[in-house]
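Hello,

Here is the structure for your files. Please open it alongside the notes below.

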Amino acid sequence: MIKYILLSGIYRFFCGAIILAINWNLAIGDNSNFISLAIAVLFSFIPAIFVPVLFRQLFNRYQGPFLTSVSLIGVVISCILLSSFYTSNTLLIIINFLIWIFFFMMETTWETWFVDLSKNYSEKAVSKYSSISMTVNQVALMSGPLAAPFIIDNLSYELFFYLMALTFFSVSVMSYFQKVPNNGNKVTNIEGDTKKINLYLFFSLVLVWPTLGSINFMLPVYVTINNGNMLNVGILDACISIGMALIGIVFSTLKVNDPRIRTVLSFTSILAGFTTWWFSGYSIVGNAIGILLLGFGFGGLRIMIRYVLARNYTPQDVAKLVSRANALSLPVLGIVLASVMISIRHTWTAPFILSIIMCMFLTLGLMFEQKRKEQNQYQESNLAK
């Protein structure tokens, strides 16, 4: 599990740096209406539709480490292309689309890898490692956008993308040699493969990527229209990752295990972040606090979703749920981007509103799982008589 956490952390670090570099280039290259950035963000989610269909057999046949390694090679090739064509908005949108194909593949492979590993741990250990891995990933995502401006200023965009390619290649090689236990298709509940899907949990999963996508669009747009610079975007991007890291620490060290307390804590944080940003106007300090609180609440929701998936579904079920949720996230994101383009100065509200809705769905999803657990216990007690 430790090797998995370290490798996923390195991946997230450079993933965050690349996303910032691409989005900032698109924002400053077309800051009259930000249409290029909007297209790039929307196109980023198109792979969510066809990746599950094209690679379903691969997800079922091969384990997470191997598929992660293969996907990273695609990212390496994309980085090499970026080093030559980053000055063209059109080519940048195309290459960004290509790299997100592999990002979406890895969103499934990293999760199935974690689920495979978690089957050999206790419920308490799974909760702990889920929080730790989320914390490490968010610290990595925080550091990447902060490091990107300094790396680019001291090197160049060309060398920056070559450095990304070299690092991703190294992670690919290390991932290839990792092994996970062969747990087969073991089912951890009495309903087996016919278990009814938790639709509330599914819709909370659907909102994960539109929330992140709206953040990716909002940050460079908001900073650009207020005459900020790339470092300001990096600071705000880092702050949301700090919030996600902090909630992981809170959940893993303070033993906040009651789902109701976790949900209330996440909702309160998101609402406080929205209020702080609203009254701050354009203030890097005020905005940083607001988005940190958003990250704190949003990160808590993601940790709870991951925990429920790991404890109640097989790796194959997780792959199916995550892939379908990612596919449905595209039209949701399209509606969100179309809405915020109407009033570009209020684009910052989108991730807060989406997170609040996501919190409501997750609350209903947790209630559904609890009710199903009670029904299972009742059935088992009747069978034992």
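H11 passes H13 in a right-handed crossing. (A crossing is right-handed if the near helix is turned clockwise from the far one by less than a right angle, and left-handed if anticlockwise.) This is a predicted model: local features need pLDDT of at least 70, side-chain atom pairs count only at pLDDT 80 or more, and totals for chains, interfaces and linings use all residues. Residues are numbered from 1 along each chain as its sequence is written, and side-chain values use heavy atoms, with hydrogens and water left out.

H11 and H13 (residues 284–312) pack at an angle of about 40°, and their axes are 7 Å apart. Helices are DSSP runs (H or I, at least four residues), numbered from the N terminus. Axes are lines fitted to C-alpha atoms over the stretch in contact, with angles from 0 to 180 degrees between N-to-C directions. H11 and H13 are therefore oblique to each other. (Under 35 degrees counts as roughly parallel, over 145 as roughly antiparallel, 65 to 115 as roughly perpendicular, and the rest as oblique.) Their contact has 18 nonpolar, 7 polar and no charged residues. Here Ala, Val, Leu, Ile, Met, Phe, Trp, Tyr, Cys and Pro count as nonpolar, Asp, Glu, Lys and Arg as charged, and the others, Gly among them, as polar.

Next, H1 and H10. H1 (residues 2–29) packs against H10 (residues 208–225) at about 45°, with axes 10 Å apart. This crossing is right-handed too. From H1, Ile19, Asn23, Trp24 and Ala27 meet Asn216, Pro220, Val223 and Thr224 of H10. Contact means heavy atoms within 4.5 Å. By class, that is 5 nonpolar, 3 polar and no charged residues.

Now the cores. A nonpolar core is a set of buried Ala, Val, Leu, Ile, Met, Phe, Trp, Tyr and Cys residues joined through side-chain atoms within 4.5 Å. Buried means under 20% relative accessible area, exposed over 50%, partly exposed in between (1.4 Å probe, protein chains only). The largest core has 113 residues, and Phe103, Phe160, Phe168 and Phe217 have the most contacts inside it. H6 (residues 89–118) gives the largest share, 16 residues. Beyond its neighbours within four places in sequence, Phe103 touches Tyr11, Cys15, Ile19 and Val75. A second, separate core of 6 residues includes Ile247, Val250, Phe251 and Ile303.

Last, a loop residue. Asn227 lies between H10 and H11 (230–253). Asn227 has a positive phi of about 60°, though not a glycine. At 74% relative accessibility, Asn227 counts as exposed.

Best wishes

Notes. Helices (H or I, at least four residues) and strands (E, at least two) are DSSP runs, numbered from the N terminus.
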